[in-house]
Amino acid sequence: MKTEPFSSLSEFLNHIINTFTRPGIKLNENELKQRNKEIKDAWTSHLQSNPDSIYGKIKTSTKDIEKTLNIDSTTPRYNEVVQALYSELLDSLQDSIRNIFDSDVAFSALETKYINAQVFQSPGEKYFAVIVNSSLIELLHKLGKLDTALMFPGSVVYCNRYPREKITSSQIESLRLEYYAHFQLNKRSHGPLLQLDDKAMHLHISGLTIKEKFIICHELGHILNGDFLNLSFGDHFFEYINNKNHRKEYMADIFGFLLLLESMKENSEISSPQRLFILSTIIQLFDVFWGLQKEEKDLHPDPLNRLLCITEHFYGPKFTPIVRESYSNKNAINQIVAMINDVDSIEKVLLESLNKWILVLNEKKSDIQNH
Ligand SMILES: [Zn+2]
């Protein structure tokens with residue numbers, strides 16, 4: 001057995017949080033140098049104590065970490081939300097899947113400028129720390145309220161930008177752009193306060209929970225894909241996609257959506273209305289990703305293609321062109337509603353494949369740990 005540089009999962013998570021958070025101060029040149037040295041030491045100590053290890057095994061290199069460093073920060077907002085959703089998710093998964101994450105993965109929200117959500121692996125490869133940007137959750141919260149307000153304009157009880165008038169759809173649209181602009185500029189979601197009535201708020205929070213859960217599930221999807229074990233289920237599943245990074249993202253979406261569905265099943269079923277609600281929520285989520293990313297990048301596929309890939313696999317091939325059409329044709333949504341009882345999902349087959357794949361993951365994991 002190799003010596004772990006971190007003796008527990010929580011110790012590793014705290015290390016990641018402390019590395020990426022410096023409350024309320026801007027570091028000067030010397031402090032930056034010192035901090036970079038600390039990170040480098042922590043992340044390379046494993047290589048010194050395990051000369052046989054290969055650099056490639058540690059996916060997140062010191063260089064990558066330096067790129068994503070957060071300098072100005074406060075206590076992470078929404079941390080309890082992330083923790084609660086993760087533990088709720090774990091409780092709902094079957095044992096074989098839960099065991100992959102259970103004692104090795106920890107989640108935290110974080111005030112960080114450069115990450116939206118990301119998995120970090122500890123030296124020694126045993127532990128995973130998953131970080132979700134607090135501002136991303138806040139942005140989803142604000143935009144989700146605006147989306148709900150657009151659907152039900154009468155539900156807006158109060159907006160401090162227009163305190164004495166009824167807010168209009170075009171005013172709501174411009175508030176959306178304002179939130180995006182702030183987020184893109186400084187990863188903060190500044191903007192006016194919007195209060196919805198109870199019914200609309202309930203709808204919004206239900207959707208927000210699904211979006212947050214999917215973000216958590218997507219990151220777990222990377223672990224399931226074998227991204228940290230030099231394995232990749234997605235290399236076979238998405239053979240026809242040339243870009244290796246894209247294969248990883250699509251596969252994290254597919255496994256992530258599977259976990260999301262599993263966690264939402266009651267008596268091993270998801271009702272049609274629930275399935276429709278999940279679809280509309282996921283459409284909204286990928287619209288936000290599109291608003292932040294716009295086009296295809298080398299590391300990330302076009303967010304709308306990611307959405308279509310999910311609908312193709314979990315709703316069926318005939319849903320995909322209609323979801324695509326829904327961006328230009330309002331009637332497309334009615335067609336989706338009419339078709340929702342006729343879903344053609346791969347989830348059962350995928351779950352079986354995943355359970356077989358987990359045996360491969362576990363074997364590789366124990367190989368590495370006994371090496
Ligand atoms: Zn990803």
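Tutor: What follows goes from the whole chain to the sheet, strand by strand, and then to the helices on it.

This is a predicted model, in which local features need pLDDT of at least 70 and side-chain atom pairs count only at pLDDT 80 or more, while totals for chains, interfaces and linings use all residues. Residues are numbered from 1 along each chain as its sequence is written.

The chain holds 15 helices and five strands; helices (H or I, at least four residues) and strands (E, at least two) are DSSP runs, numbered from the N terminus. Of the 371 residues in the chain, 35% are buried, where buried means that 20 or more other C-beta atoms, placed from the backbone, lie within 10 Å of the residue's own. Among contacts in the chain with a separation of 6 or more, 70% are between residues 24 or more positions apart; a contact is two residues whose C-beta atoms, placed from the backbone, lie within 7 Å.

Now the sheet. Three strands form an open sheet in the order E1-E3-E2, and the pairing is mixed; strands pair if DSSP finds at least two bridges between them. Strand E1 (105-110) and E2 are at the edges with a single partner strand each, so one side of each has no neighbour in the sheet. From one strand to the next, the twist averages 20°, with axes being lines fitted to C-alpha atoms, for helices over the stretch in contact, and angles running from 0 to 180 degrees between N-to-C directions.

E1 pairs with E3 in the parallel sense, over six bridges. Leucine 110 is opposite asparagine 133 in E3.

Two helices pack on this sheet. Helix H4 (residues 79-92) touches E1 and E3, and its direction makes about 155° with that of E1. Helix H8 (residues 198-225) touches E1, E2 and E3, and its direction makes about 35° with that of E2.

On the other pairing, E2 and strand E3 (residues 128-133) run antiparallel and are joined by five bridges. Valine 119 is opposite valine 130 in E3. E2 and E3 form a hairpin with six residues between the strands, where glycine 124 takes a positive phi near 90°.

Strand E2 (residues 117-121) is largely enclosed by the rest of the structure, because four of its five residues are buried. E2 is thus an edge strand in the sheet, yet largely enclosed.

Terms used. Buried ≥ 20, exposed ≤ 12 C-beta atoms within 10 Å, placed from the backbone.
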